[in-house]
Structure formats: C-alpha cells, structure tokens
Amino acid sequence: MEKTGPSQCKPTWSRRRFIRTGVIGGAGAYAALAGLCCSKTPKARTSTFIASVKSYQEDLLQILLRGLREIGVSKEAVGGKRVLLKPNLVEPHLGSAHINTHPLVVLAAVEAFNHFGASSVVVGEGAGHYRDFFWVLEESGYTDVLVRKGIPHIDLNTDSVTAVQNLGTATKLRALLLPDEIMKADILVSVAKMKLHHWAGVTLSMKNLFGVMPGKYYGWPKNTLHLAGIHESIMDINATVKPYLAIVDGVVGMEGDGPIMGTAKEANVLVIGRNFPAVDATCARIMGIDPRKIPYLKGAGGLLGPVTEEEIEQRGELIKAVRTDFELMEDIPAHRGLRL
Amino acid sequence: MLNPIKGAIETLLNREHDEGGFSATGEGLIQPDATSWAILALSAAGTEKNKTHKTLAKLVDFQQPDGRVVFAPRLSSVYWVTPLAVCAWMTSLEFKEPRQKAIDFLLAHSGFHWENETPEIVGHDTSLRGWPWVSGTHSWIEPTSLCVLALQAAGLKEHKRVAEAVDMILNRQLNSGGWNYGNTVVFGSQLWPIPESTGMALSALEGCVLKQRIAQSLGYAAEEASLIRTPLSLSWLILGLGAWSIRPALAREWIQESLDRQKQYGEYNTSLLSALILAYYAPRGFLSVLEQE
C-alpha cells in the first residue's frame with residue numbers, strides 16, 4: 001500500500017503537464033511545485049524497498065515486481081504510460097561491471113514496466129564522458145542484452161530539447177534544457193548505480209539524473225552543471241524533471257575513487273523507491289555513509305523528500321542486515337567525515 | 001544493391017532541406033553542427049559545389065554579430081560548433097567574411113583557466129589555454145582539437161593560440177597513450193583514454209609535433225580502430241591515423257561495416273553519417289579535405 005510522502009503526494013496534473021507548465025509559464029509553475037510537492041517537511045513516512053540480490057543471474061524481474069508492488073507501483077499507475085529508463089552509463093569499459101548499471105537490471109525493469117502495461121519503454125542516457133553513444137551501448141553490454149531484443153534506445157546528449165523553467169532554486173540557472181524524450185515521458189525512472197563519487201561523495205538515483213542533461217548544450221562532462229555546483233545542480237534537476245521511480249543497482253557497486261576508477265564492491269542489493277532523497281539516504285546507510293553529510297541530500301531533506309531514518313519506512317531487508325561499508329578515501333575531500 | 005558508402009551519400013543528399021541546411025535526421029530543425037558536417041562530407045566525396053552552396057549560406061544564419069556560431073541566439077554560450085562552421089566555409093571560395101569573423105572570435109576567446117595549485121587533485125596544467133564546450137567553462141580535448149583544426153585550415157598554424165593549444169593537448173596526453181575527454185590524473189589515478197578524443201587530438205596535432213611524442217597514442221588508436229565499428233569513434237580514429245600517414249589498410253571495409261550497423265541501431269544522424277563519409281574519402285586525415293580546395 002502506498003504511503004503518503006513527498007513524492008507520493010498525488011498531483012492532479014500529469015508529470016508531462018507539470019514540466020510543460022515550466023515551458024510556458026514562470027511564477028505559476030513554481031507555485032505549483034510549492035503547492036503540490038514537498039514544500040514542507042513531510043510528517044508521514046515514505047517507503048523504500050531493499051532486496052537482497054546475490055548475483056545478476058537471479059530472477060531480477062520477480063525481485064523488481066515484488067519491490068514495485070511493495071512501494072505501491074501498480075498497473076493502474078503505469079498502464080498506457082510512456083516510460084523512460086535512465087541507467088548510469090557514464091563511462092563504460094568492457095568487463096568493468098562496477099561502473100555502470102548492469103544491463104540485466106535494466107532489462108528486468110523494461111520487462112516489469114511492460115508487465116504493468118506501459119505503452120512504451122525506452123532506455124535513454126546522455127553519457128557524461130563519452131560522445132559515442134553506440135560505443136557506450138556496446139562497451140557496457142547494452143547492445144547484446146537490450147538493443148538486440150529490439151528495446152528502443154535514445155541518446156539524450158543529442159536529442160532535440162525544450163527549455164523549461166528551473167523549478168529548483170539551488171543554482172542560478174533560470175532554465176534547464178531538457179531532451180524531448182524526457183519531456184514526452186510520463187514516467188521517468190532513474191536506474192542508478194551504487195557508487196562513491198570523488199566530487200559528490202556518492203552517486204545514486206539523484207546524481208544519476210545529471211545524465212538526462214544534454215551534452216550538446218551542457219558539454220562533456222556536463223561542464224555547465226559542474227560550474228553551477230554539483231550538489232546544487234542535482235537538486236535543481238530533480239526538482240524540475242519530477243522523476244517517478246528510483247532503482248539503484250547495488251548488486252555490485254563501487255567503493256574508493258568513484259565514479260570511474262574505484263574498485264568493485266558487492267553490496268548485493270537492489271534499492272527501490274518513489275522518493276529519491278529517501279532512496280539515496282537508504283543507499284548511503286547501506287554503504288555505511290551518513291546521508292546528512294552529503295550536501296545534496298542535506299539540501300534535499302525536507303524540500304524534495306525525507307532523509308532521516310524515522311521518516312523512511314524500510315521494506316524488504318533491514319538496513320543493518322545488508323549494510324556493507326564502502327571504503328572511503330581520506331585524500332578525497334568529498335569523502336571525509338562521511339562514515340556513519 | 002547500392003554500395004553502402006554510395007547509399008550513405010545518397011541518404012545525406014536526401015536530407016538536405018529545400019532552403020539549404022541539414023537537421024539531425026532529415027526532419028526537424030536545421031542544426032549548424034549537422035550542416036557543417038554534411039558540407040565537409042559532401043565536399044570530401046566530391047559532390048558538385050552548387051549542391052552545397054545554399055547550405056553554406058544557410059550556415060550564416062547561425063552566426064552571431066561577434067562571429068560565434070551557435071545553435072540558437074538564446075544559447076550564445078554554446079559556441080563549440082564555430083570551428084566546424086569555419087571548416088565548412090573553407091570548402092568554398094565564397095563566405096570569406098563569415099569565416100573570418102568566426103576565426104577572429106575563436107582567437108579572442110578561450111575556456112576558463114587558472115594556475116593549478118592542487119596538482120594532487122587534478123594532474124594537468126590548468127593554465128594552458130584551449131577552447132571549451134560552453135563559454136565560461138574549462139577547455140577540453142575535443143573542442144580544442146576542432147579549433148586547432150579550423151585555425152590550421154585557415155593558415156594560422158603558426159599563431160600563438162594554436163601553439164598554446166598544441167601544448168595544452170600534449171599536456172593532456174595520457175602517459176600510457178591516448179587522450180581522455182581532457183583530464184589525465186585525478187586524485188592520483190590515471191584515467192582511461194577515449195577513442196574519439198584520441199582521434200581528434202591526433203588530427204589536431206598533425207604537423208605540429210614530432211611523431212615520437214605521440215607514438216604511444218598512435219599505437220592505442222591503431223589498436224582501437226581495429227576493434228571499434230561505431231561511427232563516431234571509428235571515424236575519428238581513422239582520420240587521426242590518416243593524418244599521421246598510418247591509415248589502416250582496411251579502413252574502408254571497417255567504415256562499410258560501421259554503416260552496416262544501422263540495421264541494428266537505426267539510421268545514423270547526419271553528423272555521424274557525415275563523419276563516416278569524410279573518413280572514407282580522406283585518406284590523409286581531416287585537414288587533407290580542406291587542403292584540396
């Protein structure tokens with residue numbers, strides 16, 4: 001059963017209409033954000049589901065379906081909707097499964113949304129470091145697992161764009177350029193990877209949405225957003241694109257010098273939720289990290305969703321049962337003092 | 001059945017808008033990057049000049065009064081397409097004025113640079129100037145390489161900005177060979193090379209440095225080119241190797257194989273299709289296409 005909470009509050013508008021309002025309208029859209037979602041610290045608890053997954057060879061579809069039902073995702077909510085899955089494919093290297101969202105997790109998500117009756121399911125990414133989208137697909141294993149099954153794929157770096165009002169207030173960016181595939185999607189799913197990050201501390205479901213911002217206009221590696229502030233940009237992107245669901249691949253994550261050069265860390269979990277700060281806070285705790293020490297989560301808490309443990313209902317596994325501390329690096333400033 | 005490269009050229013020609021200019025797919029808005037790439041590809045393929053004249057003129061519509069070429073007037077900070085437009089205009093004896101304005105703009109602008117006081121965090125020399133993707137941000141390999149190519153094509157190989165950019169590109173070369181998007185070592189870890197960045201850097205350095213200074217990068221590029229069949233990486237690797245007179249003997253077959261992958265991925269966009277055509281017809285690299293003019 002769905003709990004009330006910031007991202008579970010049910011707007012009477014669709015996600016697409018909500019973002020579209022930002023295209024045509026200024027103050028009205030901001031008022032809508034404040035009125036509809038998350039302007040106050042939520043009192044009710046939001047649910048996050050943790051699944052124990054020992055390997056990518058398990059029945060990921062059944063695991064996901066169970067998790068989705070636990071957090072209240074239903075055929076009624078998904079049926080007939082356009083779904084865009086956004087994996088983390090920042091910089092793939094053959095045989096380095098700890099860098100990117102595993103293709104079998106994305107395949108299971110495609111099948112889950114098809115099971116729920118989505119009208120279409122597209123995989124879209126604007127890779128942060130590579131401009132060669134097809135090479136990204138091949139090197140990450142997505143061509144073999146997804147493209148050859150006919151699952152549609154889109155390069156968000158080069159898609160046509162629409163300028164929308166920045167509905168966050170953390171950066172000074174007045175508008176964000178969003179790919180039209182993002183604009184057209186009814187349901188945006190961040191299918192993220194559980195990793196440490198040498199600038200942001202962690203990269204999880206919220207940071208993953210950097211990858212919806214088109215490199216053609218923001219540069220590689222999203223230079224404009226780095227200049228505007230990584231944590232601030234994370235908050236603004238999430239406030240503006242209104243993502244629907246987070247799935248974090250922590251079966252094999254990355255510790256140390258993430259997001260690229262770190263080492264593989266088996267956390268053996270998938271974490272699922274509708275509220276992104278809650279999902280990321282839960283992931284951080286699983287990694288042995290205090291989410292309140294991560295600036296974007298500290299900033300998002302109470303504005304975009306809860307990060308305190310008492311405000312998040314954990315379903316599935318308990319955090320303490322799956323916690324596995326990711327190795328932090330003392331010489332990386334963003335890692336210092338993060339240990340829970 | 002049509003030869004794949006001939007089919008690619010025909011597809012490209014069919015994508016030209018009636019008023020001149022190219023969009024990403026043949027439909028939608030005309031884009032300056034797609035237009036520039038299409039002009040270069042058609043020029044390399046020996047298409048009649050009158051077929052691209054109105055498209056060259058269309059490219060002027062994207063130029064701002066200060067000379068930069070942008071996707072839209074409201075996006076004036078995104079000017080990385082300017083060197084591509086310079087190269088496209090270089091294929092014609094006309095359009096000298098917009099070309100010169102664009103060159104003047106590039107010479108007067110650079111990325112954001114500073115003295116690196118924390119080399120233990122970021123290993124490269126952050127003070128060496130190049131060009132950025134977006135105004136106000138740091139310079140990276142690909143936009144800098146494009147600018148060096150454009151300025152070299154315009155006869156400015158000896159200009160101090162080209163010399164500094166060549167230094168910058170060399171400074172960003174990875175010890176093990178190749179180029180990342182622009183970083184080298186971050187927090188003590190050497191990053192991995194990226195094929196398309198490497199191909200572009202090798203193209204830009206043509207004739208500017210001794211071959212021995214980039215020997216490992218040429219080795220990396222040759223190895224990757226034999227393995228990669230995706231259009232952007234393959235095109236730039238072949239162009240980069242061609243610039244140093246070591247174009248793989250099988251380059252044309254590999255390009256045909258890359259074109260064949262459209263059966264799997266769908267039709268390539270105009271820029272990618274053009275890059276493959278250019279690489280097919282430019283055995284001595286990117287600049288050789290412009291030298292023929």
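Student: At what angle do the axes of α8(B) and α9(B) cross?
Tutor: In this predicted model, the axes of helix α8 (residues 195-204) and helix α9 (residues 215-227) of chain B come within 10 Å and cross at roughly 130°, where axes are lines fitted to C-alpha atoms, for helices over the stretch in contact, and angles run from 0 to 180 degrees between N-to-C directions. α8(B) and α9(B) are therefore oblique to each other, given that angles under 35 degrees count as roughly parallel, over 145 as roughly antiparallel, 65 to 115 as roughly perpendicular and the rest as oblique.

Student: And which residues make that contact?
Tutor: From α8(B) they are B:Pro195, B:Thr198, B:Gly199 and B:Leu202, and from α9(B) they are B:Ser217, B:Leu218, B:Tyr220, B:Ala221 and B:Glu224, with contact meaning that C-beta atoms, placed from the backbone, lie within 7 Å. By class, the contact has 5 nonpolar, 3 polar and 1 charged residues.

Student: Is α8(B) mostly covered or mostly open?
Tutor: α8(B) is mostly covered, with 10 of its 10 residues buried; buried means that 20 or more other C-beta atoms lie within 10 Å of a residue's own, exposed 12 or fewer, and partly exposed in between. What covers them includes α6 (141-153), α7 (160-171), α9, α10 and α14 (286-291) of chain B.

Student: Switching topic, how many residues of chain B are in contact with chain A?
Tutor: There are 27 residues of chain B in contact with 25 residues of chain A. On the chain B side, α10 (231-243) and α12 (262-265) are the elements that give two or more residues, and α10(B) gives the most, with 3 residues. That side divides into 17 nonpolar, 9 polar and 1 charged.

Student: Over in chain A, where is A:Val83 found, and what does it touch?
Tutor: A:Val83 is found in strand β2 (residues 82-87) of chain A, and A:Val83 is buried, with 24 other C-beta atoms within 10 Å. Not counting residues up to four places away in sequence, A:Val83 touches A:Phe113, A:Ala118, A:Ser120, A:Val121, A:Ala185, A:Ile187 and A:Val189.

Student: What confidence does the predictor give?
Tutor: The complex has an ipTM of 0.96 and a pTM of 0.93, while chain B averages a pLDDT of 96, with 98% of the residues scoring at least 70; pLDDT is the predictor's confidence in each residue, from 0 to 100.

Conventions: Residues are numbered from 1 along each chain as its sequence is written. Chains are lettered from A and ligands numbered from 1 in the order in which they are written. This is a predicted model: local features need pLDDT of at least 70, side-chain atom pairs count only at pLDDT 80 or more; totals for chains, interfaces and linings use all residues. Two residues are in contact if their C-beta atoms, placed from the backbone, lie within 7 Å. Helices (H or I, at least four residues) and strands (E, at least two) are DSSP runs, numbered from the N terminus. Ala, Val, Leu, Ile, Met, Phe, Trp, Tyr, Cys and Pro count as nonpolar, Asp, Glu, Lys and Arg as charged, and the others, Gly among them, as polar.
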